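Thanks for having me, everyone.

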Amino acid sequence: MGNTVEIYDSENYRRYTKPHELFKSINILEGIITGINIDNIVDEKEIEELTNWCDLHRHLINKDPYKSIIEEIDIVLQDNLLTQEEIEDIIWLCKMA
């Protein structure tokens, strides 16, 4: 009898990791927003990071909480500015996820 290796397809495996992936992605976003909020200066690099986060997760836009978060970020970034109120709204959405 030889050793057998069971191969799992990625969807079967991801069934167990999805909650962690959600938690991790939202925490990354919250970290980006918190970093922006700490110094009260929004520079081009921070806007780029926020945009990159949205682009990385855009394939999940039809699923909550990504739908509400990405739509909110898209709206607030239309003018390439983030107000304190917009930052607080995004942080609130992250905490509700």
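This is a predicted model: local features need pLDDT of at least 70, side-chain atom pairs count only at pLDDT 80 or more; totals for chains, interfaces and linings use all residues.

Lys 67 and Glu 71 form a salt bridge, their closest N and O atoms lying 2.8 Å apart, where a salt bridge is a side-chain nitrogen of Lys or Arg within 4 Å of a carboxyl oxygen of Asp or Glu. The two residues sit 4 apart in helix H3 (residues 66-76), which means that about one helical turn separates them; helices here are DSSP runs of H or I with at least four residues, numbered from the N terminus. Lys 67 is partly exposed at 35% relative accessibility, and Glu 71 is partly exposed too, at 34%. For these words, buried means under 20% relative accessible area, exposed means over 50%, and partly exposed is in between, using a 1.4 Å probe and protein chains only.

Residues are numbered from 1 along each chain as its sequence is written, and side-chain values use heavy atoms, with hydrogens and water left out.

How many salt bridges are there by this rule? The count comes to 4. One of them joins Glu 30 to Lys 95, with the closest N and O atoms 2.5 Å apart, and this pair links distant parts of the chain, since Glu 30 belongs to helix H1 (residues 10-39) and Lys 95 to helix H4 (residues 84-96), 65 residues away. Another salt bridge pairs Asp 55 with Arg 58, at 3.6 Å between the closest N and O atoms; Asp 55 is partly exposed at 47%, as is Arg 58 at 29%.

Let me turn to the interior. In soluble globular proteins, nonpolar side chains tend to be buried together. A nonpolar core, as the term is used here, is a set of buried Ala, Val, Leu, Ile, Met, Phe, Trp, Tyr and Cys residues joined through side-chain atoms within 4.5 Å. The largest such core has 22 residues, and those that touch the most other members are Leu 29, Ile 33, Leu 50, Trp 53, Ile 73, Leu 82 and Ile 90. At least two residues of this core come from each of H1, helix H2 (44-57), H3 and H4. If we leave aside neighbours within four places in sequence, Ile 73 is in contact (heavy atoms within 4.5 Å) with Leu 29, Leu 50, Cys 54 and Ile 90.

Ser 25, in helix H1, is buried at 5% relative accessibility, and, not counting residues up to four places away in sequence, Ser 25 touches Trp 53, His 57 and Tyr 66.

Finally, consider H2, where Glu 46, Ile 47, Leu 50, Trp 53, Cys 54 and His 57 are buried. Seen down the axis, these buried residues fall within an arc of 120°, so they line one face of the helix, the arc being that of the directions from the helix axis to the C-beta atoms. On the other side of H2, Glu 44, Lys 45 and Leu 56 are exposed.
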